[in-house]
Structures are given as C-alpha cells and as structure tokens.
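Okay everyone, thanks for coming.

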Amino acid sequence: ENKFSAERIVEIASSRKFLMSVEEIAKRVIVIKPSNSKQVLKQLQGMEAVIISNKVGLVLVDSIAALVRLDYSTRSRIVARQRMLSKQASQLKYLANAFSIPILVTNQVSSFDGAVSLKTAEGVSLECTSSEPSYAMFNPALGNTWAHCVNVRILLEVISEQQTTRRLRIVKSPSCAAKTVYVDLTISGIIGTNENSALRQDQYFLNSLSKEELDDILS
C-alpha cells in the first residue's frame with residue numbers, strides 16, 4: 001500500500017540500543033513493491049533465494065488485500081480472486097515452514113455502522129442499531145477463503161484518536177486462547193503497556209457503554 005517509511009525505521013533504530021549501527025540495520029530491510037497480484041505471487045515464488053542469501057528472519061506483506069481487490073474488483077471475478085489468494089497463501093505457508101520464520105500479513109476490514117438487519121431461524125426480522133461509530137462491527141476483507149488460510153488472526157483496534165495506545169485482540173489461534181493485550185506506539189516502536197494501564201483502558205471501555213450494551217455483554 002506504499003506505506004513503508006524509511007524515516008520511521010531510522011527513528012526506531014536511533015532510539016534503541018542495538019549492537020549495530022542505524023545504517024547496518026537499514027541495509028537489512030529489503031523492500032519489494034509489486035504493482036499487481038500476479039507480481040506478488042511471482043515475488044513470493046522467488047523468495048527462497050532472497051531469504052537464503054540475505055538471512056531473512058521476517059517476511060511482511062502490507063497488505064494482502066490491496067492489489068487483489070484492485071485486480072479482481074468485480075463480482076464475476078470472485079472465483080479467480082480466491083484462486084489467486086489460495087496460491088499466495090500456499091507459498092507464504094511454505095516459506096514459513098521451510099525456513100522457520102514468521103510471516104506477518106496485514107489485511108483490510110469492512111465495517112458495518114448504523115442499522116444491521118438480521119433474521120432469526122423463525123424468520124423474525126431484527127434490527128441492530130448503533131449511534132456511535134466506535135461500536136461498528138468489523139469483518140476481515142477477502143471472505144471465507146482467506147479467513148481459512150490464516151493460522152493466527154490479530155485484530156488491531158484504535159481505542160481513542162487522542163491516545164497512542166492500541167488494543168490487540170487474538171481472535172483466532174490454534175495454540176492460544178482468545179486474549180486482549182495493549183501496546184503503545186512510541187518513537188521506539190511498539191511497546192507493551194503495563195497491566196494497570198490495560199485495566200484502565202478496559203475500565204474506560206466499560207464506562208463508555210450504555211446499560212443495554214453492558215447487559216448484552218454480561219448476558
């Protein structure tokens with residue numbers, strides 16, 4: 001999505017104590033910018049040599065949805081899009097397993113604000129409403145095919161536009177129960193918050209709920 005910032009890498013490296021210089025750290029970052037989803041697949045298929053020759057310890061794709069949604073934008077191409085995503089996911093899993101390295105992939109989300117119409121099993125129509133955008137429901141982009149490709153899903157949430165704290169929710173994992181943690185975005189990168197801070201954020205969230213919303217959570 002062309003969001004990579006070399007200045008941010010230098011800022012993080014400069015504010016931490018590493019055994020190597022900022023210049024050496026910057027040289028270890030390899031940036032590849034494909035222009036379409038076919039180029040993404042081609043780069044992934046040729047990634048073995050890059051990983052071996054550069055001793056790569058992390059592969060980051062940001063974001064998996066950007067190009068594939070652009071290339072397969074019509075409903076008539078959904079099947080072709082899912083096929084492409086399956087190929088990309090298969091190659092990413094192969095690289096992770098073959099080289100024992102983490103593969104971090106960001107995705108986009110779709111939000112549903114306001115009224116959402118639902119139907120019960122008996123056919124009774126229901127309508128859920130929310131007057132606050134912060135209560136929007138979020139769905140990962142790219143549908144069920146991509147959802148099943150992911151081993152671990154972490155939802156990153158903005159708690160407040162005025163704060164640098166972010167909430168991370170583990171919503172899918174084969175080895176970890178659902179869990180919520182908090183991190184701060186600082187000049188040194190992502191820093192974990194202490195337990196008291198996390199509790200205060202939870203209290204802030206609970207205090208912002210109406211009685212009806214709180215009763216619904218507790219029921």
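So, H4 and H6 are roughly parallel to each other, because the angle between them comes out at about 30°, and angles under 35 degrees count as roughly parallel, over 145 as roughly antiparallel, 65 to 115 as roughly perpendicular and the rest as oblique. H4 is residues 47-54, H6 is residues 78-99, and their axes sit 11 Å apart. Those axes are lines fitted to C-alpha atoms, for helices over the stretch in contact, with angles running from 0 to 180 degrees between N-to-C directions. Helices here are DSSP runs of H or I with at least four residues, strands are runs of E with at least two, and both are numbered from the N terminus.

Quick word on what you're looking at: this is a predicted model, where local features need pLDDT of at least 70, side-chain atom pairs count only at pLDDT 80 or more, and totals for chains, interfaces and linings use all residues. Residues are numbered from 1 along each chain as its sequence is written, and side-chain values use heavy atoms, with hydrogens and water left out.

Back to the helices. Which residues in H4 and H6 meet? From H4 we have Met47, Glu48, Ile51 and Ile52, and from H6 there's Tyr94, Leu95 and Phe99; contact means heavy atoms within 4.5 Å. That contact divides into six nonpolar residues, no polar and one charged. For the record, Ala, Val, Leu, Ile, Met, Phe, Trp, Tyr, Cys and Pro count as nonpolar, Asp, Glu, Lys and Arg as charged, and the others, Gly among them, as polar.

Okay, on to the strands. Strands pair if DSSP finds at least two bridges between them. Start with S7, residues 153-158: S7 pairs with S8 in the antiparallel sense over six bridges, and arginine 153 stands opposite lysine 172 in S8. S7 and S8 make a hairpin, with six residues between them.

Now follow S8, residues 165-172, into S9, residues 179-186: these run antiparallel too, joined by six bridges. Leucine 168 has valine 181 as its bridge partner in S9, while arginine 169 is partnered by threonine 180. Again we get a hairpin with six residues between S8 and S9.

And how many residues link the hairpin from S9 to S10? Two. S9 and S10, residues 189-192, pair antiparallel over four bridges, with threonine 186 opposite glycine 189.
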